[in-house]
Amino acid sequence: MTKRRKWTAIPGLIALAVGAVMLSAYSGASSSQHNSPVQPINFPHTVHVQKLGMNCLYCHNAANKSMDPGLPAVSTCVGCHNMIGPDRTQSDLHGGKPYKSEELAKLYKYADISTPGAGMGPNAKPIPWVRIHKLPEYVHFPHTRHVNAGVTCQTCHGQIQNMDRVYQNASLNMGWCVSCHVNGYSPKEGLEAAGYSPQQAGTPTTASVSPAALASGPRKKARYDCANCHY
Amino acid sequence: MSQDTTKTGVKRRDFLKVLGASSAVLATTACSEETGKLIPYLVSPDETVPGVSTYYATTCRECAAACGLVAETRDGRAIKLEGNPNHPLNRGALCARGQSGLQALYNPDRFRSPMFRDSAGWHATTWEDGLARLGTALGTAQKGGAVFLNQHESGSFPRFLDSWLAANGMPAHLSVDFEADSAALEANHRTYGVAWPTLNFKDAKLIVSFGADFLEGWGASVPQQLDFADARAKLDGAARFWYIGPRRSLTGLNADEWIACNPGSELSIANALAGKGSIQQAATDSGVDPAQLQRLASELAAAKPALVLSGVSGDEALDVALAVAAINQASGAVGTTIKPATPITAFDGIARPDQVLAAVERMRGGQVGVAFVRGTNPAYALPKAANFADAFKKVALKVSFSSYPDETTEMCDLVIPDLHSLEQWGDAEPVRGTISLQQPAMDPVFSTIKGSTGDVLIALAKKDAANAAKFPAADYRTWLISNFAGGAAGLAAALPTAIVAGTLAPRAAAAAAPAPVAKPSAIASSQGDLFLVTYQSPTMGDGRGANKPWLQELPDPVTKITWSSWVEIHPETAERLGVDRGDIVEVKTANGSVRAPVYPYLGIHKNAIAIPMGQGHAAGTKMALFDPKHHNPGDLQWGYGRYSRDIGVNALDLLPVGVNAAGGIVLTATKASVSKTGDSRLLPSTEGSARQHGREIARAVNAADMNKPEPEEEVLPGDASHAFLPGLRSPVAADAQGELGAPTAADAGTHKGLYDPNDPRGMAKRRWAMTIDLARCTGCSACVTACYAENNIPTVGGYWQNATIWADVRPGFNIERGREMNWIRLERYFEGNPDGKFGQDFETRFVPMLCQHCGNAPCEPVCPVYATYHSPDGLNVQVYNRCVGTRYCSNNCPYKVRYFNWFGYGEQDRKQYAFPEPLNWQLNPDVTVRGKGVMEKCSFCVQRIRESENRAAAEHRDVQADEFTTACAQACPSRAITFGDAADPNWTVAQLAHDRRAYHVFEELNTYTAVVYLKKVNHPATGAAAPAAN
Amino acid sequence: MQGVLAAFHELDSAVEAIEDLKKQRLGDITVYTPTPRHEFEHALKHPLSKVRIFTLIFGLCGASFGYWIPVWISDYWPLVVGGKAIVTWVPFTILGFEVMVLIGSLATVFAMFGLAGIPRLTMTVGYDPRFASGHFGVWVVTDPERTDDVVNVLKKHGAEEVRRER
Amino acid sequence: MATTATPLPSGQRPNIPSAAVRFPAVKSYEQVDAEIAGTLGPSLGWFAALGVAILCMLLGATAWTYQIHEGLGAAGYQPPVMWGVYIVTFVFWVGIGHAGTLISAILYLFRAGFRTSIYRVSEAMTVFAVMTAGLFPILHLGRPWKFFYLIPYPNWRLIWPNPKSPLVWDVFAILTYLTVSATFFYVGLIPDIAILRDREKNPMRKSILAMLALGWRNSDREWRHFTRAYLFLAAFATPLVLSVHSVVSFDFAMALSPGWHATIFPPYFVAGAIFSGIGMVFTIIIPLRKVFHLEHYITLNDIDAAAKLCLFTSCVVGLAYLTEFQVAWMSGNRFEIDYFWNRVFGQWAWAAWIMLICNCVIPLSLFSQKLRRNTKWLFFLSLTTNLGMWFERFVIVVPSLSHEFEPWQWGTYHPTFVDYSILIGSFGWFFMWFLLFIKQLPVMAMAEIKEIVLPRLSHRFHAAAGGTEEAGFANPGLTDTTSGGSH
């Protein structure tokens, strides 16, 4: 009947178990946050948004009028890239040197474009993009409500304009959604999340509201009862 | 691709199948799941926004009436059918059968390709090969005596068809509609010169129906219902309604008084009322109290104008119809309540059934070389005694254009399946002077079916040098445009409403009626002591509804039985025969016998039994030709699809081939003997107790008492509050009582969860509520099917939808167990005649019962996980993904309107899956498909509320009064249901809730429901003892 | 630790021995008894157990915590159910009570463990398995020089066996 | 007319049988140890019984697996009867558990002597019955894999269980009850485990027992705190036992359904629970004392006393039944009146009559002392009690639900093989644990029995006291008060 010091481990084990539960509950380990799959075409948001200054709504054209943001049809890509082919003799990228774009070659293959300017061929196929931001099926997320309320895309999606490969910026779990509904969306933080400051030039503005006024707006709270999203 | 877009205006199918699979959403999946692929459009269709519905106006082809439809499509798939508000017939309403058009479109048993039969059996083939085979076979066929049996439809197609037949040296087609009342059509022709005058119920001072079931299939039922409801909703000075017949149908149950006459005695009564016979004689013949007939006669004499209708299907049907026409004329109905000047042209050109029988005899005689069948199913819908199968087999070449396997198609040699009406072009002229256009709402579900029958016929004509010139059009659509008054531009302009003024070329006169093939008097050849009444089921029609699960699952409005056949017997007779509910009896006539369970029914003559038609489709031989990937349970068979297999009996097996003077088949002039078999089964019925037991769920008031002040009620301290209207103004009753503080306290943060923090008006802004006017409700059940369609409600009656081990595999098993999922159900309570004696009248009250969205909901506090709670806008919300399935809420719901997913009806990998491909294409992407183990219930169409709010927010405005409504309210053909915001006086519902007839069900439980019922209004005979109204 | 362990077979002998030892102040006495006997309590005159204090304090803590949880939950995400107030004090009494019992009784047990010195990791000195069965044991911790006195007293009162232990 | 009264012929002061010393056949502490510890060690019959129990449990487990796979539709639920055999059995097992705590805690506080010999078995029964009962709320869920939604723990959904729901009260009550009764059971076992440890030769088993005994040494310090703590635990367990079944009864009483919505439910349920629990105690101890040859510990006097308790609770339950009818009758509420009429004359009348006969009629036989001391009759009666109490819960759950407010939704109920298998499985699960218990741990509290057994005293003492009375030492702590008659 000597030492049975093993018992002293029990409180430690319990503490460990509690810790693990808390960690798994709060770490968002079950979320697909930071997921960044390889896409069939490595679409550079950086070039399109930063260099070319394209508006998100140019391609994701339903984001302000539908639950779905809308995914650009292949014809939307072809609209510009019908002329801008893989073989770039002159480019503002790569220091203006001629180069061949692998990614655009892939696009031409999907869209069945033989030579620039030829238009989409008969064997065109849609591009099977890999989905990154996926809410569970029982959640209804109306993009239109958020976009029309002035929530910047980057608030949820992160600074897509700086992403070479898009990844999931937010955890997208329920607590994350609800926190914003309860505490309210701050236009200022939203602009900051988008990488803009109210004083900075080039900050997007609406016709009537100046960036500074926009940023000084009050926090916008939203309903957070269950049936807002679950039905 | 792009030329397709211009052709149909809707090209988005291929890749959307992929999207569709992911839209069929499930509540059970956890957060970490496969995220899948995002497949974009190749070319974005101009008029669609992903996630936003597009609406196409078109025409319903589920029955002959040709109501107007608006098909809601989402991402290229039709997901819901609504009535077209601009259409002169249905004015925005739509019946259950019309709603179910989608399940014809997406029927999993639809032919996926042409099929041909050789000595080895059936084979599927390609579209081109099928057409080539048809061309070859036709080339060698003997065409002189060809028969084309087409499902009756109004519009240009019949003319096109006849021109094609003529070009090929074949006689004109027969436009068959077994649901049509030949006697009424004939009498209308003789009296008014039109097939069907418009009936004006509103101006009638008295409505009398001789077996005319105008609420459920006789004539154009939706407009008739709308008008009837309007007539009865006048409350003051509304017309009384008498129903005369051996069986009280749904229409009969809506009558104030029922004359339960002997079958076949209608003529006597009609003659007596027309002044051609004596009341005494009529009373003797019909076995009715002469005093009652006398009262009818004197009321009729006083009512100018009256509206008397005949829908008798006995052998004297035409005589009754003509006598009724005489009564109408005498009461000044013509021009006032019966308007031949604006006829319903949808029924023009229906072939008389005796013409069909004559064609059958020609087949039997070997005079027919080619027979075509399109849509219609004579092998099922003609009495077995006509021996159609025998005759049909003698035809050398039999071609079917049917979209679904059926008894007739099984006997054919070649099937070139037609497109569904939602996939093809067409037109109809429902009312003289109005053309209703039919445009495809989506691309064909099966790309392997590349054209409608019209396209096929044009393609065939083009192969023949002689005919090619006669059909220069590229396809049927081009043909239609070339025949359209405004041409292509006019058509395009008319398509947004699909309604255009104009008149189609009249149809070729129907061939002269051939001599009747059988003696009109069929009773003589029958045996037995009970009259057999066979009637068309309001849901199945002549049998074509049987392969649609929504219609199988929809309880018969009268008996509330689903997925089954039954024999209605009066309780007195049942007692005499020693049978009870569910006992299986054998019904025998000279022509055959069937076995079916007994349903004791107060509304049947004690000398008669009634069997509905529409079930008992042949099981058919095996046909393993469908794509097995598409979740087909068990062996695939011919017959009429999986949903109709092994269900019930076909009442037509009992009938002789009797034809009345109008050429219609005699349905109710046979006698039958009934014998007990000793077997019995539980009826798959949704009916619990048919009596209210004094619980005042369905209340009624006599019209005469309406204006009397309510008797002062003694209020005892501690009694439940009867002042429910304050409760309606606030989402939570406790708040109305001042217990949760003033609504404006919201921003103070006291009860932050109750309010939209951005809305300074706080929670009192919205209280979604509904009124249901029982004076208008006819019990037709269109709301039920509309709800199924809108809310992805699974049907649970399929024989495979049961457990695996030691399970009963029989249709309707889950419904026997009370597991039906009807979020809105129609309760049908009988009042009066408590002992079930024949001869004593009884009253019927229909109550649509759905979640009452109580302000003090008993279901909410008992849920351990907040899966149900009260939303700030007054909804009682069910959160499927939070629900763990304790079912406590259902136990605590006094209205019993919560439904549980006992099996994985919504899970694709489950045996019990309710939406086998492609039925799941219909699923509404805005509504979660519930997985197993989850409670669900009426949500007041919360997805529509959110959609409107989202649209309003995007447009920076508030939701406006009456901007939208729920699916049930939208479909309701009697406009009994009104939905809206009771807290905002601009909404109609807020006004209706203050009606003097308003009451809440189980008010004494203090639930503060959001559903307000308006009492039914009874019109008892003046002087007669009024049944107790409460 | 050093002392003398005696095993008695008779209850009265053990009690008398203890009383004698106490009278002579011959060291700290521990009594082993197969079953609690009041005779020993009277002889040893120990104060009342302090378990009750823990029971009271933790019972009260439990009750407050038990009330606090539902109140906090209800207020954290205020959802209206059945038209009831957000914080309903009356039914929360049930949770308050249950948690009081839970925490109070667990505290009682752990207090008992603590006060009684269990779980005891060593029991090599001053114990004999017989004490769990039929014998009464007296364990006297004492100075080496007084050991003999103790042994004498114990033997005098009829100890079955006396053992010196260290 | 008699003019003279007749005295008792014996001329003695009347005595009652229980007035004898509690265990006349138990002479010494060593005998207690030997006889009770001697019941341990497996036998062939025990293995057979355990095998049967495990098979039953596996049947239930299989049925549950099947039910999870298929969905709850595999069970016989028929709306509106949304609760069926599972909830019936849940309440049944919770009820069984209650007698154990009653005997070990309440009777401890009341110093009822007959408790000593049967309380360990009863307490084990409590723990295992609550373990069994605790399965059912999970088992009857539509989505049992989501049961953790009921547990209040911090989570990223930021949403917690609804503390207003009686089912959450259930979670708290059942978990507390399970924890406290298991603790109580274990604490009471510590001295006995120490006895076993000190008797054990096998080093492996000995070290396990040593661990379980937590180094218990029977020292006066240990006993001093132990008895105090035990008293407080008993004091906690006593209101707990009343609260737990009250909370279970709230599952029904808080609902609106006629037949459920009644304020009488908590006391009615508690009495019913104790009644059924004592029934189960009889079912267990009557064979046990026979097989283990413990008749001289679990004496007829003890059984007699327990039978009186049984009779008393039966009368309370009967009164509650009558009160329910009376309340319905006098309420003037047509839903209530309809329901109670339906209860005894409607579709489920047979169940109601089984309940009434088993729970109210048969136990009346216990007014006869002869039958109270007839173990065969008591065993039979215990079986009818179990049956009757199961049906009592059935009558509460099923007919109430099938005959609620809405006549259109009146229905019926047909359990399937899944329901029955899980019912059988629950018995298998319970008896599996029970059988494992009786061969591993002493079925009686040896240390506590020793309190009652006279300690060995010296010859000197006997001589001094004149050999007549063991005056100073004969104050066994917890003998029942009636035993004073022999002094």
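The legends below describe close-up views of a predicted model. Local features need pLDDT of at least 70 and side-chain atom pairs count only at pLDDT 80 or more, while totals for chains, interfaces and linings use all residues; side-chain values use heavy atoms, with hydrogens and water left out. Residues are numbered from 1 along each chain as its sequence is written, and chains are lettered from A in the order in which they are written.

**Figure 1. The contact between chain B and chain D.**
Chain B gives 68 residues to this contact and chain D gives 57 residues, where contact means heavy atoms within 4.5 Å. About 5,200 Å² is buried between chain B and chain D, and carbon and sulfur atoms give 55% of that area. Buried area is the accessible area (1.4 Å probe) that two parts lose on being put together, summed over both. On the side of chain B, the residues that lose the most area to chain D are B:R695, B:R817 and B:N891, together 15% of what that side buries.

Four salt bridges are counted between chain B and chain D; a salt bridge is a side-chain nitrogen of Lys or Arg within 4 Å of a carboxyl oxygen of Asp or Glu. One salt bridge joins D:E406 to B:R825, with the closest N and O atoms 3.1 Å apart. Among the elements of chain B, β29 (825-831) gives the most to the side that touches chain D, with five residues. Helices (H or I, at least four residues) and strands (E, at least two) are DSSP runs, numbered from the N terminus.

The ring centres of B:F388 and B:F392 are 5.0 Å apart and the planes lie at 20°, so the pair is stacked. Rings of Phe, Tyr and Trp (its six-membered ring) pair if their centres lie within 6.5 Å; planes under 30 degrees apart count as stacked, over 60 as edge-to-face and the rest as tilted. Both residues belong to helix α16 (residues 388-393) of chain B, four residues apart, about one turn of the helix. B:F388 is buried at a relative accessible area of 3%, and B:F392 is buried at 0%. Buried means under 20% relative accessible area, exposed over 50%, and partly exposed in between (1.4 Å probe, protein chains only).

**Figure 4**
D:F226 and D:Y230 are stacked, at 5.8 Å centre to centre with 15° between the planes. These two residues are separated by about one helical turn because they stand four residues apart in helix α7 (residues 220-253) of chain D. Both D:F226 and D:Y230 are buried.

**Figure 2. Salt bridges at B:E82.**
B:E82 meets B:K80 in a salt bridge (3.2 Å, N to O) and meets B:R944 in another (2.8 Å, N to O). B:R944 lies in helix α30 (residues 942-954) and B:E82 in strand β4 (residues 77-83) of chain B, so that distant parts of the chain, 862 residues apart, are linked. B:R944 counts as buried at 9% relative accessibility, and B:E82 is buried at 6%.

**Figure 3. The salt bridge between B:E153 and B:R374.**
The side chains of B:E153 and B:R374 form a salt bridge (3.0 Å, N to O). B:E153 sits in the loop between β7 (147-151) and α6 (157-167) of chain B, and B:R374 in strand β15 (residues 370-374), 221 residues apart. B:E153 counts as buried at 13% relative accessibility, and B:R374 is buried at 7%.
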